[in-house]
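User: Could you walk me through the aromatic pairs here, and then one of the helices?

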Amino acid sequence: MTDEDKAQQAARTRTKILEGLARAERTLFTRPAPKSARAQMKFLRTREKGSTKSLAERLGVSRKTVQRYLSGASTKPTKRLRAALVQETESEWQPQVRTQARQRAATSSGLVIKFRASLGFTANGSSDDARIRDLSIAVSPSHAARILAAQEDGATNTELHKAVAEAITDAYFRQGGGGRAGLEVEFRDVQWLQIEF
């Protein structure tokens, strides 16, 4: 595998991890987030302290576009704007609920990571060729804290991938830091990934 292939794979994995975290956070909401474009615009404008200019910059559209949706003159956003509205609204919705769940995960409950991916390892000179596995793994609070911190800090593709791979390695192969300390695990070809708080 070339360096370019590895970089592309790390980018795809990072996307799946970030999407998995976003889906996990959506399940925490105690009230549904706004659904219509107008309601989303109104909510996001409050997060931008009433500034339509800041909101337009945040969404990558013109100020006039924001004003048309706020007034109800426009109701059907383009696919790109629809995706931006959903993503931005959900990232701001019920921050206290999200913060409490993240704090719990990082200090007491950990995370559950479910995935289908290729896992293989080398230890003490022997190797087990990578093979596709479907697993559900409970990750410790300390690893959950590293993964969540990496997400918040805007970690690179490689850093976020490494944080998740290390958590899986520790929980599944080393059983929480026990045996197989010299074990190196490959976590790649991620087909799907879900995360639960």
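Predicted model: local features only at pLDDT ≥ 70, side-chain atom pairs only at ≥ 80, totals over all residues.

User: How many aromatic pairs does a search of the whole structure find?

Analyst: The search finds two, where rings of Phe, Tyr and Trp (its six-membered ring) pair if their centres lie within 6.5 Å, and planes under 30 degrees apart count as stacked, over 60 as edge-to-face and the rest as tilted. F43 and W93 form an edge-to-face pair, with 5.1 Å centre to centre and 70° between the planes.

User: Which parts does that pair tie together?

Analyst: F43 lies in helix α2 (residues 37-47) and W93 in the loop between α5 (79-92) and α6 (95-109), so the pair links parts 50 residues apart in sequence. Helices (H or I, at least four residues) and strands (E, at least two) are DSSP runs, numbered from the N terminus.

User: Is F43 buried or exposed?

Analyst: F43 is buried, at a relative accessible area of 15%, and W93 is buried too, at 10%; buried means under 20% relative accessible area, exposed over 50%, and partly exposed in between (1.4 Å probe, protein chains only).

User: And what about F115 and F187?

Analyst: Their ring centres are 5.3 Å apart and their planes at 80°, so that pair is edge-to-face. F115 and F187 are both buried.

User: Switching topic, how many residues does helix α8 have?

Analyst: Helix α8 (residues 157-173) has 17 residues. Its buried residues include L160, H161 and F173.

Methods: Residues numbered from 1 in each chain as written. Heavy atoms only, no water. Expected span 1.5 Å × (residues − 1).
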